[in-house]
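Subject: Structure for your files

Dear colleague,

Here is the structure I said I would pass on. My notes follow below it.

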Amino acid sequence: MRSPISGYSRLTKAHKFSMAGIAAVGAASLAFAVVPGAAADEDKQSVAVKPVAWSASEFGTEHQQNELTKQSDNAAKVAKSQAEAKKKADAEAAKAKADKERADKEAASRSAARKPAPVAPAAPAKKTYANNLDGWINEALDVMRAKGIPGSFEGIKRNILRESSGNPRAINNWDINAINGVPSKGLLQVIDPTFKAYHVEGTSWDIYDPVANITAACNYAADKYGSMDNVNSAY
């Protein structure tokens with residue numbers, strides 16, 4: 001039927017049912033969207049939710065694992081860096097030590113090259129003695145001390161003055177020795193056999209040599225009398 005109002009058409013019964021159904025569906029949809037909890041409580045129904053791929057706890061564990069891995073990697077890098085630094089420092093120290101040893105060796109070599117050759121110590125100057133009676137006695141005493149022959153300056157000089165008056169060329173041609181063909185000779189009037197038997201090594205073999213004559217006579221007196229100091233007469 002057409003509407004008696006101009007510009008409007010009459011709605012059929014089918015049209016009315018259709019519009020009512022659409023409105024109901026829309027209201028239900030709006031009510032569900034605005035208050036979903038009320039609908040759930042009212043109907044005692046739960047809405048199924050699709051499970052997610054991870055949970056909060058799982059996310060926390062994975063994050064911690066990543067952090068630990070990162071820290072471990074960093075620690076490994078630090079340890080590697082420290083090891084390389086130590087190795088480098090050790091190598092530098094070893095090189096420095098080797099360089100120093102080489103430098104010290106070269107310096108020692110240069111020092112040795114510059115060092116003058118050792119000079120042999122000069123031989124001690126030979127002791128000199130006066131060419132007189134006192135000088136002869138002093139020289140004879142030095143020889144006697146070296147050989148362990150006893151005697152003193154005073155004892156030797158006293159016997160020399162009695163025997164020869166200090167003449168090294170004195171000779172006795174009148175005593176028993178002279179009669180027997182072996183006259184006494186020199187400062188202490190020693191016969192040839194005695195001089196040869198008691199000659200002191202290092203002195204002259206000339207019986208008239210003052211030092212040789214004195215040392216041979218004192219060597220004989222030490223053997224027979226203990227020392228020339230003990231002789232107060234002809235011996």
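Asn213 is buried in this predicted model: its relative accessible area is 1%, and the cut-off for calling a residue buried is under 20%. The residue belongs to helix H8, which runs over residues 210-225. Leaving aside residues up to four places away in sequence, Asn213 is in contact with Lys185, Gly186, Leu187, Leu188, Gln189, Val190, Phe195 and Ile207.

Helix H8 also takes part in the aromatic pairing. The count of aromatic pairs comes to 1. The partners are Tyr198 and Tyr220, arranged edge-to-face, with 5.3 Å from centre to centre and 80 degrees between the planes. Tyr220 is in helix H8, while Tyr198 lies in the loop between helix H7 (192-197) and H8, so the pair ties together parts that are 22 residues apart in sequence.

The charged end of Arg169 sits over the ring of Tyr208, at 4.1 Å from the ring centre.

Next, the nonpolar core. The largest one holds 25 residues, and those touching the most other members are Ile137, Ile156, Ile160, Leu188, Ile214, Cys218 and Met228. Two or more residues each are given to this core by helix H4 (133-147), helix H5 (153-164) and H8. H8 supplies the largest share, 7 residues. For Cys218, the contacts outside four places in sequence are Met144, Ile149, Ile156 and Met228. Of these, Ile156 and Met228 are also listed among the core residues that touch the most other members. Leu188, another residue on that list, is one of the contacts of Asn213.

Last, the confidence of the prediction. The average pLDDT of the chain is 79, and 72% of the residues score at least 70. Over residues 1-18 the pLDDT stays under 50, and the model has 9 contacts for this stretch beyond four places in sequence. Residues 20-50 also have a pLDDT below 50, with 2 contacts in the model beyond near neighbours in sequence.

Regards

Key
Residues are numbered from 1 along each chain as its sequence is written. This is a predicted model: local features need pLDDT of at least 70, side-chain atom pairs count only at pLDDT 80 or more; totals for chains, interfaces and linings use all residues. Side-chain values use heavy atoms; hydrogens and water are left out. Helices (H or I, at least four residues) and strands (E, at least two) are DSSP runs, numbered from the N terminus. Buried means under 20% relative accessible area, exposed over 50%, partly exposed in between (1.4 Å probe, protein chains only). Contact means heavy atoms within 4.5 Å. Rings of Phe, Tyr and Trp (its six-membered ring) pair if their centres lie within 6.5 Å; planes under 30 degrees apart count as stacked, over 60 as edge-to-face and the rest as tilted. A charge sits over a ring if NZ of Lys or CZ of Arg is within 6 Å of the ring centre and within 35 degrees of the ring normal. A nonpolar core is a set of buried Ala, Val, Leu, Ile, Met, Phe, Trp, Tyr and Cys residues joined through side-chain atoms within 4.5 Å. pLDDT is the predictor's confidence in each residue, from 0 to 100.
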